[in-house]
Amino acid sequence: MPVHYGSKKLNYFTVASTIASQLPHAVGAAYSLKMDGKDACVVGYFGDGGSSEGDFHAALNFAAVLEAPVIFLCRNNGWAISTPASDQFRSDGVVVKGQAYGVRSIRVDGNDALAMYSAVRSAREMAITEQKPILIEAVTYRVGHHTTSDDSTRYRPLEEIEWWQMARNPLTLYRKWLESNGWWNDEAEAELRSNSRKELLKAIQVAEKIEKPPVGDMFTDVYDAVPSNLFEQEKLLQQTVTRYPQDYPSDVPVRAVPSS
Amino acid sequence: MATVFQGLGATAAITAAANPLDSNKFLLSSRRSFSGKKTSLVVVRSDGSLNLNTGSSAGARRLDQLVTNAVATKADAAAAASASKPGHELLLYEALREGLEEEMDRDNRVCVMGEDVGHYGGSYKVTRGLADKFGDLRVLDTPIAENAFTGMGIGAAMTGLRPIVEGMNMGFLLLAFNQISNNCGMLHYTSGGQFTIPIVIRGPGGVGRQLGAEHSQRLESYFQSIPGIQMVACSTPYNAKGLMKAAIRSENPVILFEHVLLYNLKERIPDEEYICNLEEAEMVRPGEHITILTYSRMRYHVMQAAKTLVNKGYDPEVIDIRSLKPFDLHTIGNSVKKTHRVLIVEECMRTGGIGASLTAAINENFIDYLDAPIVCLSSQDVPTPYAGTLEEFTIVQPAQIVTAVEQLCQ
């Protein structure tokens, strides 16, 4: 899953495929912040589909009871793969569910960058000073397909996609606002796009040159140290790859894990 | 069977234990200063020798005395009195609490969360008194949603706390399976080592006294495949405290399996601080004729069978494997090489239990040393019956163990 990165340095929990399982994690992280009395809160992101999962309901309930400083940010983009929101729940969106659990909730136009900024900024302050959770339902639209292996025109009309792309595109709206204030223009746009593209191409080049992770990497970070049973399994794998190199990719080093 | 254990009460142990713990004594014993250096710990190895130079034979004898006390119905008073350090007597659930409290004193990142663990003190009294001492936030009562508080524990662990998640009964943790398997076990790996999850998940499991099918689960069967976790099972007050402490200090997620019927076991344990190695098996009774591998409550059925076997002239070697994931194949292997016969006695069901995996592991590694096929005695593949008599039939009884040994040793 290419988009499932994480960074401890940037306080960004590694993304997992399991839907809504991160919401109890968010409550746990908020619990930790609360215990340490930190001037910080947690933000947990999920979609309209995620609000159906049991973990969502449990997490909201917990956060309310615990009085945890966490912002639950629901990106309601109307679609969970091919399931429209009308088939996901019959409630008035996700915002009322927060209310039901005793969590203060707000619905915001998810395509309005300024509205989102304003709402989240207030939510952060409320979460930290009052030590209470907040639910923000950002209403938006999924213009793209679910993944590169999806063709969403199979389950929704092309006109609908195009309308959102044109009329309510958040990038277009924000850009128009910047230009109306004289802070942006076509040249700046072209320059930014060109620079971004160059940066990306360079990054791709650098990444392509990096050596593929060795076989030993398969066995590290399962535990804090490689235990004996995994060590055995790694040795066996190394032997197999060395004996039948033609059956395995040639650009994956068979280096052993250095024994500390 | 019921007479084997001293002071076993109803398994839904809401009522207080027969010996309420004196709270002053409790605080005293946990006020030991811990310098943080390894030399101040007593780590008892599975062969009975201590890693301090205190004379290995004395240490071994002391360990045997501890083990014997846990099994016998009447404490061997003479043996206990002759130990060089008096130690103190307590029940298994108190030993768990003692370990927990010591770790919470030592490191203020350690916290507890679960249902009714706070002022109620936990359904099996393991956390009694802790909320009063450490506060409601550090000993947290949660709403009833196992997936949520397990997930919460994981999130808290990723943010630097060291939570202990209590499942009121292990079976309830099936609701948290997604969190335990997909997140707890995996996030260290998927984050490339950035996030550690030093969480301890614990609770009582196993077959109790007519708790019904849903509350008699052996979850170690289901969890054993999850990569990234460690599993240990305690069986005596001594190893309960030691494993609890070791699990809390471990950087890996550890699942600590307790047994509903073992909480009131009494034993004399050392006053000085000690931990048990998470990956080590425990030599309960050295012997020559056959290796009997077991864990948790079945240890006591095995030891009762051992008494009968000794009278019949057999010399069984009994090992409490303690570490369910990974197996201590070193200790087990040495034993197999000595006796050449293996009997596994477990409470898991026949299919896919710990015994099944252990059989495979021993066959793979030590087939050349076996004089007979491995025999595994386990529960049947049935939901645990509520009817008391039938429930007894699902559990491996000492008589079965004796018969199996006799057959194996022909």
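Guide: Happy to; we will start at the contact between the chains and then turn to the salt bridges. Please keep in mind that this is a predicted model.

The contact draws 40 residues from chain B and 34 residues from chain A. Together the chains bury about 3,100 Å² between them, and carbon and sulfur atoms give 65% of that area. On the chain B side, three residues supply more than any other three: B:Leu137, B:Met152 and B:Tyr189, with 19% of the area that chain B buries against chain A.

Which elements of chain B give two or more residues to this side? They are strand 3 (110–114), helix 6 (146–158), helix 7 (177–184) and helix 8 (187–190) of chain B. Helix 6 of chain B gives the most, with 9 residues. Sorted by class, the side of chain B that touches chain A has 19 nonpolar, 18 polar and 3 charged residues.

What about contacts between polar atoms? Across the interface of chain B and chain A there are 14 residue pairs in polar contact, but 0 salt bridges. Over all chains, however, the structure holds 33 salt bridges, so let us visit a few of these, using the cut-off of 4 Å between nitrogen and oxygen.

In chain A, A:Arg175 forms a salt bridge with A:Glu179, with the closest N and O atoms 2.9 Å apart. Both belong to helix 6 (residues 170–180) of chain A, and because they are 4 residues apart there, about one helical turn separates them. A:Arg175 is partly exposed at 25% relative accessibility, and A:Glu179 is partly exposed at 30%.

Another chain A pair is A:Asp251 with A:Lys212, whose closest N and O atoms are 3.0 Å apart. A:Asp251 counts as partly exposed at 41%, as does A:Lys212 at 43%.

In chain B, B:Glu317 forms a salt bridge with B:Lys338, the closest N and O atoms being 2.5 Å apart. Here B:Glu317 in strand 13 (residues 316–320) of chain B is linked to B:Lys338 in helix 12 (residues 329–339) of chain B, 21 residues apart. B:Glu317 is buried, at 1% relative accessible area, whereas B:Lys338 is partly exposed at 36% relative accessibility. Elsewhere, salt bridges with shared partners join B:Glu98, B:Glu102, B:Glu103, B:Arg106, B:Lys241, B:Lys245, B:Arg249 and B:Glu273 into one network.

Methods: Residues numbered from 1 in each chain as written. Chains lettered and ligands numbered in written order. Predicted model: local features only at pLDDT ≥ 70, side-chain atom pairs only at ≥ 80, totals over all residues. Heavy atoms only, no water. Contact = heavy atoms within 4.5 Å. Buried area = accessible area lost by both parts, 1.4 Å probe. Salt bridge = Lys/Arg side-chain N within 4 Å of Asp/Glu carboxyl O. Polar contact = N/O pair within 3.5 Å; in protein donor to acceptor, adjacent residues only side chain to side chain. Nonpolar A, V, L, I, M, F, W, Y, C, P; charged D, E, K, R; others polar. Buried < 20%, exposed > 50% of the residue type's maximum accessible area, 1.4 Å probe, protein only.
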